[in-house]
Amino acid sequence: MIAVSATVKPRDSVSVLHLLEQCLRRHFTSVRVYDDSLIINVPDVGRVLITENLVTMRLDFVAADSQVAEAAITALDRQLRDQVRNQGLDIAWDHPDTIPAALR
C-alpha cells in the first residue's frame, strides 16, 4: 500500500478552499470524521480524507501500488481543478510514510 498526500493552497483568496470543500461534498458521497476532516469517495481514486485548516487543504488516500497511485493522482488533480475553474490552486503531491488513522 502506498500513502499519497496533496497539499492544496490557493493562489489568491483562501475562500476558494471553502468553495472547493462545498463542491466536493456536493459531488461525492461524504462522511465527516473529525471537526476539521471528512472522507469523500471519488471514482478512480477511492476514499479520500480531506483535512482543512485556515490556509491549506490536505487530501490523503491510499493506493495499492505506484501505478494505481499515479492514475489516482491524475484523476484527483483533474477533479480538484474542475471543481474550482478559473480559481488558482497550487497542488503539491507527496508520499508520506504513514497512512492517516481515518483511512486504516
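Predicted model: local features only at pLDDT ≥ 70, side-chain atom pairs only at ≥ 80, totals over all residues.
Helix 2 is considered at the outset. Helix 2 covers residues 66–83, a run of 18 residues. From first C-alpha to last, helix 2 reaches 26 Å, close to the 26 Å expected at 1.5 Å a residue. The N-terminal end of helix 2 is capped by Asp65. A side-chain oxygen of Asp65 lies 3.1 Å from the backbone nitrogen of Gln67.

The buried residues of helix 2 are Ala69, Ala72, Ile73, Ala75, Leu76, Asp77, Leu80 and Gln83. These buried residues pack against strand 1 (2–10), strand 3 (37–42), strand 4 (46–52), strand 5 (57–63) and strand 6 (89–94), and also against helix 1 (15–27). Gln83, which belongs to helix 2, has a relative accessibility of 15% and therefore counts as buried, the limit being under 20%. With residues up to four places away in sequence set aside, Gln83 touches Leu20, Cys23, Leu24, His27 and Phe28.

Helix 1 holds Val16. Val16 is also buried, at 4% relative accessibility. Beyond the neighbours within four places in sequence, Val16 is in contact with Pro10, Val84, Gln87 and Leu89. Val16 and Val55 are 39 residues apart in sequence, but their C-alpha atoms are 9.9 Å apart in space.

The strands come next. Strand 3 is largely enclosed by the rest of the structure, because five of its six residues are buried. Strand 3 pairs with strand 2 (residues 30–34) and the two run antiparallel, joined by four bridges. In this pairing, Val31 has Ile39 of strand 3 as its bridge partner. Two residues lie between strand 2 and strand 3, which form a hairpin.

Strand 3 also pairs with strand 4, again in the antiparallel sense, over six bridges. Here Leu38 stands opposite Ile50 of strand 4. Strand 3 and strand 4 form a hairpin too, with three residues between the strands. In this hairpin Asp44 takes a positive phi near 70 degrees.

In soluble globular proteins, nonpolar side chains tend to be buried together. The largest nonpolar core in this model has 27 residues. Val8, Val48, Leu59 and Phe61 touch the most other members of this core. Two or more residues come from each of strand 1, helix 1, strand 3, strand 4, strand 5, helix 2 and strand 6. Helix 2 gives the most, with six residues.

Val48 shows how such a core member is surrounded. Leaving aside neighbours within four places in sequence, Val48 is in contact with Leu38, Ile39, Ile40, Val42, Leu59, Asp60, Phe61 and Leu76. Of these, Leu59 and Phe61 are also named among the core members that touch the most others.

Phe61 also takes part in ring pairing. The count of aromatic pairs comes to one. Phe61 and Trp93 have ring centres 6.5 Å apart and planes at 75 degrees, so the pair is edge-to-face. An angle over 60 degrees is what places a pair in that class. The pair links distant parts of the chain, with Phe61 in strand 5 and Trp93 in strand 6, 32 residues apart. The two partners can also be described by their accessibility. Phe61 is buried, with a relative accessible area of 1%. Trp93 is partly exposed, with a relative accessible area of 26%.

Key. Residues numbered from 1 in each chain as written. Heavy atoms only, no water. Expected span 1.5 Å × (residues − 1). Buried < 20%, exposed > 50% of the residue type's maximum accessible area, 1.4 Å probe, protein only. Contact = heavy atoms within 4.5 Å. Polar contact = N/O pair within 3.5 Å; in protein donor to acceptor, adjacent residues only side chain to side chain. Pairing = 2+ DSSP bridges. Core = buried A, V, L, I, M, F, W, Y, C linked by side-chain atoms within 4.5 Å. Phe/Tyr/Trp six-rings, centres within 6.5 Å; stacked < 30°, edge-to-face > 60°.
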